[in-house]
Every structure is written in C-alpha cells, then in structure tokens.
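Student: Could you take me through one part of this structure closely? Please pick a strand and explain its surroundings.

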Amino acid sequence: MKLVFAGTPEVAVPALDALITSGRHEVAAVVTRPDAPAGRGRRLVASPVAERAEEAGIEVLKPAKPRDEEFQARLREIAPDCCPVVAYGALLPKSALDIPARGWVNLHFSLLPAWRGAAPVQHSIMAGDEITGASTFLIEEGLDSGPVYGTVTEEIRHTDTSGDLLTRLAFAGAGLLAATMDGIEDGSLSAVPQPADGVSVAPKITVADAHIDWSAPGLRVDRVVRGCTPAPGAWTVFRGERLKLIQATPVPDRTDLAPGEIAAGKKNLYVGTGSYAVELLWVQAQGKKPMDAADWARGARITSGERLGA
C-alpha cells in the first residue's frame with residue numbers, strides 16, 4: 001500500500017522505521033507537528049519523526065492543524081491507501097479521516113478499551129496494572145473508540161517507569177503496526193468492535209497529578225513516582241521549594257515513620273507514608289542536577305523530625 005505516516009515524538013520512530021524497512025509498503029510522506037522551541041535558546045527544532053523522515057528522503061508535512069485545506073489538498077494529491085498513526089498529537093477531523101481509502105490506523109499503547117486517551121502507559125502503572133500492551137485500531141471521531149485490528153501484550157515490571165515501559169511498547173508496537181498494514185493490504189485482517197465493558201480513560205498527566213501525597217500508602221507513592229517518570233516528574237516540597245523524585249522503592253518492613261517524615265542515614269534516605277516507608281534513591285532539588293538521594297540529604301543537613309510535603 002501507499003502510506004502516509006503520522007507521528008511526532010521519539011516513541012513513534014520505531015514504527016516509522018519498521019514501515020520504511022518492511023519493503024512491502026511505500027511510505028510516501030510523513031505528517032508531524034510543526035517545529036517547536038526547545039533547549040535554553042528556545043530555537044525551533046524538528047520533531048524526531050520529521051528528522052527520521054528527512055534522513056530517509058521522505059516528504060514531511062507539518063500542518064499547524066490537520067484541518068488546514070492546504071494540507072488536506074496535498075494529502076489528496078498523494079492519495080494514500082492508508083495512514084498509520086503513532087502519537088501524532090492532534091485531533092483528526094472527518095474531512096481528513098475520509099481521504100485515505102482504508103482510513104487512519106492508530107497504534108495505541110494500551111489493551112483497548114482500557115486506557116483510552118493521551119497517557120495510557122502512565123495510568124496503567126499508577127493504577128497498578130500487571131499487564132498492558134498495544135493495540136492497532138481504525139480511527140473514528142470518538143476518543144480511541146474505533147474497531148481493533150490487533151494487540152500485543154507486555155508485562156509491567158515492578159520497577160518499570162513509564163519511560164521504561166513505553167520504550168518496550170514502542171518496539172513491540174512497531175511490529176504490530178507493520179503486521180497490521182500487511183493484514184489490511186492482503187485482506188487477512190478485519191477490525192473488531194471494542195467491547196462496551198472495560199472502558200477506562202487516561203487523560204494527560206498534569207503537574208498536579210504528579211504531586212506526592214505522603215498520607216497515601218507506600219505502594220501508591222511508588223506507583224506515582226514510576227508513572228510520572230520521566231514526565232511530568234513526581235514532586236514534593238521541602239523547606240518551601242520543590243523537590244523532584246526520580247527514583248524510589250517501597251520498604252514494607254519499615255513502619256516507624258509518620259507520613260512525610262524523613263529518616264536520613266549515611267547511605268539511605270527513607271520517607272514515611274500512610275503505610276510503610278519508601279526509600280528515595282534519586283532526587284533533583286530546584287535549580288540543581290539529579291543526584292543520589294542520600295548525598296542530597298547530607299548536603300541539606302536534614303534535622304530530626306523534618307518532613308517532606310509540609
């Protein structure tokens with residue numbers, strides 16, 4: 001088939017690579033978000049998908065909005081059979097959805113109908129799911145509600161951050177998307193409607209969502225830290241300034257600390273929760289670089305009885 005691939009961040013690049021190298025389909029163009037300011041100089045930078053497409057000599061389309069008539073006119077000129085999508089980052093209007101003969105097929109990082117929305121991986125970790133995966137489905141106007149072509153499953157490890165899990169799903173999902181394109185092309189795959197039961201939503205994780213509530217159980221604190229790493233980053237407050245929590249681990253056999261209470265040793269830093277303590281492993285103080293939590297505690301000269309989150 002002739003394909004136009006839509007995607008923006010680094011997590012979409014493995015899928016684009018899989019389609020480019022498959023040898024079975026032609027990636028005629030790529031649709032991605034416009035260049036965005038990045039770094040200290042805030043200079044405009046192309047998306048990872050745009051950079052990969054340019055390396056491969058593929059035409060790159062960067063509409064401000066996918067409803068722009070100039071963009072849709074160019075898409076009609078290309079006349080793709082199908083448009084595979086991975087984390088494009090913009091809603092597609094019906095006028096764009098109607099252009100490819102076989103529609104737009106999205107790779108979504110959950111086992112639909114679970115975790116429809118922008119942040120399925122983060123929500124699956126924060127909810128304590130043991131299994132997740134990726135799904136390919138035909139895009140409709142509803143939120144991730146279209147019929148599903150295929151799925152692949154992935155175990156959530158007890159140390160997984162959302163970054164770890166998303167990386168694995170990006171590569172597993174790349175193979176799934178390529179196989180889905182093959183199945184659509186040869187007629188061996190048909191999309192199956194999603195069940196009405198088991199629907200859950202995964203809205204974008206906000207900075208407020210990433211604020212640690214030390215009165216919550218230790219297991220919940222651990223899940224929030226892992227689910228919010230690397231973005232937006234779990235955080236708390238210490239002496240009136242924000243402290244980012246990069247890595248922590250539950251310590252079920254330590255129950256002597258009140259919620260938020262700090263116990264600093266030479267090589268360890270423990271914090272109480274609503275149940276048992278967690279050990280902070282890596283933190284980042286405001287305006288500083290990430291560092292070992294015990295080293296941070298020594299530098300901060302923490303006194304007995306001090307708490308996080310006060």
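**A strand and its surroundings**

Tutor: Strand β7 is joined to strand β8 (residues 131–138) by four bridges, and the two run antiparallel. Strands here are DSSP runs of E, at least two residues long, and helices are runs of H or I, at least four long, all numbered from the N terminus. Two strands pair if DSSP finds at least two bridges between them. Within β8, Thr136 is the bridge partner of Leu107. β7 also has three bridges to strand β6 (residues 83–86), and these two run parallel. Here Pro84 stands opposite Val105 of β7.

This is a predicted model: local features need pLDDT of at least 70, side-chain atom pairs count only at pLDDT 80 or more, and totals for chains, interfaces and linings use all residues. Residues are numbered from 1 along each chain as its sequence is written, and side-chain values use heavy atoms, without hydrogens and water.

Now the faces. In a regular strand the side chains alternate between the two faces of the sheet. In β7, Trp104, Asn106 and His108 lie on one side, Val105 and Leu107 on the other, and all are buried. Buried means under 20% relative accessible area, exposed over 50%, partly exposed in between (1.4 Å probe, protein chains only). Five of the five residues of β7 are buried, so the strand is largely enclosed by the rest of the structure.

α6 gives the largest share, nine residues.
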